[in-house]
Amino acid sequence: MGISIKGLYADSPVYDMGYITFFALRRDIAYTISEEFGQHYSDMPKAGFIGFDEYDRRTEELIKKHHCKERFLSFLYQSDCNGKLSPYKCKALLDQINGMQSKKLYGYTAYPNCCLTIDKFRELLKECFDRKVYLVWY
């Protein structure tokens, strides 16, 4: 089991990855906000140990401190199951990761040509925005 991410258009590529890899993608994107925000996001799996109320309170503080836009945050905080981004949220996310540089492969590395990269993700987000379709993961 894992996650598939794609655009809702006929010839959209589909990228498959595990839940941990999907978290790694979102964590790496969270670091584009700031080191502090990225580190906090990285701690999300531990939130049950420190308390969700405390984690959520700190999240709200950092969102205000770094003037984060809801349209962009939607990608980070939606469920792993059946998530979606509107074309305008795709554009906000695209703007956020525009300068992001990474050679990481997000997917099943036994099939590197099928893995998502930040460059491929930018292309996918741009296509979704240009075609006015949703990006989905399931």
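Which residues do ring pairs link into a cluster? In this predicted model, the cluster is made up of Phe22, Phe75, Phe121 and Trp137. The paragraphs below treat the aromatic pairs, the nonpolar core, the helix contacts and selected loop residues.

A search of the whole structure returns 7 aromatic pairs. Phe23 and Tyr41 form one that is stacked. Their ring centres lie 5.5 Å apart, with 10 degrees between the planes. This pair links distant parts of the chain, 18 residues apart. Phe23 belongs to helix H1 (residues 19–30), and Tyr41 to helix H2 (residues 35–42). Tyr41 is buried, at a relative accessible area of 0%.

Phe75 and Phe121 form an aromatic pair that is tilted. Here the centre-to-centre distance is 5.5 Å and the planes are 40 degrees apart. This pair, too, links distant parts of the chain. Phe75 lies in helix H5 (residues 70–77) and Phe121 in helix H7 (residues 118–131), a separation of 46 residues. Both Phe75 and Phe121 are buried.

Charged side chains also meet aromatic rings. The charged end of Arg26 sits over the ring of Phe75, 6.0 Å from its centre. The charged end of Lys132 sits over the ring of Phe129, at 3.8 Å from the ring centre.

In soluble globular proteins, nonpolar side chains tend to be buried together. The largest nonpolar core of this model holds 37 residues. Ile5, Ile29, Phe75, Leu76, Phe121 and Leu135 touch the most other members. Two of these residues are described here through their contacts, with neighbours up to four places away in sequence set aside. Ile29 touches Phe72, Phe75, Leu76, Leu93, Ile97, Met100 and Phe121. Phe121 is in contact with Ile5, Ile29, Phe75, Leu93, Ile97, Leu116 and Leu135.

Phe121 is found in helix H7. Its relative accessible area is 0%, under the 20% cut-off, so Phe121 counts as buried. Phe121 and Phe72 are 49 residues apart in sequence. In space, their C-alpha atoms are 14 Å apart.

The axes of H1 and H2 come within 8 Å. They cross at roughly 155 degrees. This angle is over 145 degrees, so H1 is roughly antiparallel to H2. H1 contributes Phe23, Arg26, Arg27 and Ala30 to the contact. H2 contributes Phe37, Gly38, Tyr41 and Ser42. The stacked pair of Phe23 and Tyr41 thus has both partners among the contact residues.

The axes of H5 and H6 also come within 8 Å, but cross at roughly 90 degrees. That value falls in the range of 65 to 115 degrees, so H5 is roughly perpendicular to H6. From H5, Arg71, Phe72, Ser74 and Phe75 meet Tyr88, Lys89, Ala92, Leu93 and Gln96 of H6.

Within H6, Pro87, Cys90, Ala92, Leu93, Leu94 and Ile97 are buried. The elements that cover these buried residues include H1, H5, S3, H7 and S4. Leu93 of H6 is buried, meets H5, and touches both Ile29 and Phe121. Ile97 is likewise buried, and contacts Ile29 and Phe121.

Three loop residues were examined individually. Ser86 is found in the loop between strand S3 (83–85) and helix H6 (87–97). Its relative accessibility is 16%, under the 20% cut-off, so Ser86 counts as buried. Ser86 touches Val133 and Tyr134, leaving aside residues up to four places away in sequence.

His67 is found in the loop between helix H4 (52–65) and H5. Phi of His67 is near 50 degrees, a positive value in a residue other than glycine. His67 has a relative accessible area of 67%, over the 50% cut-off, and is therefore exposed.

Lys132 lies in the loop between H7 and strand S4 (135–137). Lys132 has a positive phi of about 60 degrees, although it is not a glycine. With a relative accessible area of 45%, Lys132 is partly exposed. It is the charged end of Lys132 that sits over the ring of Phe129.

Methods:
Residues are numbered from 1 along each chain as its sequence is written. This is a predicted model: local features need pLDDT of at least 70, side-chain atom pairs count only at pLDDT 80 or more; totals for chains, interfaces and linings use all residues. Side-chain values use heavy atoms; hydrogens and water are left out. A nonpolar core is a set of buried Ala, Val, Leu, Ile, Met, Phe, Trp, Tyr and Cys residues joined through side-chain atoms within 4.5 Å. Buried means under 20% relative accessible area, exposed over 50%, partly exposed in between (1.4 Å probe, protein chains only). Contact means heavy atoms within 4.5 Å. Rings of Phe, Tyr and Trp (its six-membered ring) pair if their centres lie within 6.5 Å; planes under 30 degrees apart count as stacked, over 60 as edge-to-face and the rest as tilted. Helices (H or I, at least four residues) and strands (E, at least two) are DSSP runs, numbered from the N terminus. A charge sits over a ring if NZ of Lys or CZ of Arg is within 6 Å of the ring centre and within 35 degrees of the ring normal. Axes are lines fitted to C-alpha atoms, for helices over the stretch in contact, and angles run from 0 to 180 degrees between N-to-C directions. Angles under 35 degrees count as roughly parallel, over 145 as roughly antiparallel, 65 to 115 as roughly perpendicular and the rest as oblique.
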